[in-house]
Amino acid sequence: MAELLKGKVIETAIKEKMAADIEMLKGKGVMPTVAILRVGERDDDIWYEKSVIKFCDSVGVTAKCVTLPVDVTQDNLIQNIEALNNDDSVHGVLMFRPLPKHLDEDAACAALKPEKDVDGITSGSMAGVFMQNGMGYAPCTAQACIEILDYYNIDCTGKRAVVIGRSLVIGKPVAIMLMAKNATVTICHTRTVDVPSVVRNAEIVIVAAGVMEYATKDFFIPGQVVIDVGMHWNDEKGKNVGDVKFDEVEPVVAAITPVPGGVGTVTTSILVSHVVEAAKKKL
């Protein structure tokens, strides 16, 4: 039976770590504040918005919601982003994506100041990840994967790591972050030939394929550590599942994150910790 790499204990540790900083900021008259920018009424956006607000309330961070209609114009969206850039009371901005197809998402991301980009969506934040120069903030889900490895004392030095997925949200940044921890990294994607054979050669596997229960037991061998980034509603099972077919894989590997209760649990706390850090930097 694999060790379950649960996110709740990491969430608690991050809360405890940021508590002193929040009290220090409030003592200096600064209220750490995140603006949540949402376009339209997507169910998953609303669900995440509620979870962020709940977490903020639990630690004493202010969450300000800016909701725009689904047919908002590009100019109006940019105006709202610029208003948040210029609002000194807002320390971080979380903009939900994907945006509706009529909007230029790249332009919207580029309009956000890197110092307020607490979810790592701007080119400035990406440069910070790739150059390791402290600019901006890493994408929260990618950083959550690294936090889990760190918390459970999984040493990456000299280890072979495979990342399934090459998105800018998770795959590419987490690969760079693993290399920064001295892992030797291979990225698999839709054009990779025989993905299972590549994965079986790794000690650490990050699965961010975006496909429900994509990685089956045939991908894995004993002794591996598996971080499952996926989250999908499975009608047949009546519950959320990941990109890994957990029931098959858990008996095989050494350690694995559960879904739910793994990466997603840590991601929200990372986001809010970035807001607190942004407030400290501004101070």
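Predicted model: local features only at pLDDT ≥ 70, side-chain atom pairs only at ≥ 80, totals over all residues.
A residue is called buried when its relative accessible area is under 20%, exposed when it is over 50%, and partly exposed in between.

Strands of a sheet pair through backbone hydrogen bonds, either parallel or antiparallel. Here three strands form an open sheet in the order S3-S2-S4, and their pairing is parallel. Strand S3 (62-68) and strand S4 (92-95) are the edge strands, each pairing on one side only. Direction ignored, neighbouring strands of this sheet are turned against each other by 20 degrees on average. Helix H2 (residues 43-59) packs on the sheet and touches S2, S3 and S4. The direction of H2 makes about 170 degrees with that of S2.

Strand S2 (residues 33-39) pairs with S4 in the parallel sense over four bridges, and with S3, also in the parallel sense, over seven bridges. Individual partners can be located on both sides of S2. Ile 36 has Leu 94 as its bridge partner in S4, while Val 39 stands opposite Leu 68 in S3.

Is strand S2 enclosed by the rest of the structure or open? Seven of the seven residues of S2 are buried, so the strand is largely enclosed by the rest of the structure. In a regular strand the side chains alternate between the two faces of the sheet. In S2, Thr 33, Ala 35, Leu 37 and Val 39 point one way, whereas Val 34, Ile 36 and Arg 38 point the other way. The residues on both sides of S2 are buried, Arg 38 among them.

Beyond residues up to four places away in sequence, Lys 64 touches Thr 33, Val 34, Ala 35, Ile 36, Leu 84, Asp 87 and Val 90. Lys 64 and Val 90 are 26 residues apart along the chain, and their C-alpha atoms are separated by 8.4 Å.

The axes of helix H5 (residues 123-131) and helix H7 (residues 171-180) come within 8 Å and cross at roughly 30 degrees. Angles under 35 degrees count as roughly parallel, and H5 and H7 are therefore roughly parallel to each other. On the side of H5 the contact is made by Met 126, Val 129 and Phe 130; on the side of H7 it is made by Lys 172, Pro 173, Ile 176 and Met 177. These residues divide into six nonpolar, no polar and one charged.

The charged pairs come next. Side chains of opposite charge can pair when their charged atoms come close. A search of the whole structure finds 14 salt bridges. One of them joins Lys 280 and Asp 21, whose closest N and O atoms are 3.3 Å apart. The pair links distant parts of the chain, with Lys 280 in helix H10 (residues 263-282) and Asp 21 in helix H1 (residues 8-27), 259 residues apart. Lys 280 counts as partly exposed because its relative accessibility is 29%. Asp 21 is likewise partly exposed, at 22% relative accessibility.

Helix H10 also holds Lys 282, whose partner Asp 88 lies in the loop between helix H3 (74-85) and S4, 194 residues apart from it. The side chains of Asp 88 and Lys 282 meet in a salt bridge at 3.7 Å, N to O. Asp 88 is exposed, with a relative accessible area of 54%, while Lys 282 is partly exposed at 49%.

A further salt bridge is formed by Glu 213 and Lys 237, with the closest N and O atoms 2.6 Å apart. Glu 213 lies in the loop between strand S7 (204-207) and strand S8 (225-228). Lys 237 lies in the loop between strand S9 (232-234) and strand S10 (239-241), and the two residues are 24 residues apart. Glu 213 counts as buried because its relative accessibility is 16%, whereas Lys 237 is partly exposed, with a relative accessible area of 36%. Finally, salt bridges that share partners join Asp 21, Glu 277 and Lys 280 into one network.

Key. Residues numbered from 1 in each chain as written. Heavy atoms only, no water. Axes fitted to C-alpha atoms, helices over the stretch in contact; angles between N-to-C directions. Parallel < 35°, antiparallel > 145°, perpendicular 65-115°, else oblique. Contact = heavy atoms within 4.5 Å. Nonpolar A, V, L, I, M, F, W, Y, C, P; charged D, E, K, R; others polar. Pairing = 2+ DSSP bridges. Salt bridge = Lys/Arg side-chain N within 4 Å of Asp/Glu carboxyl O. Buried < 20%, exposed > 50% of the residue type's maximum accessible area, 1.4 Å probe, protein only.
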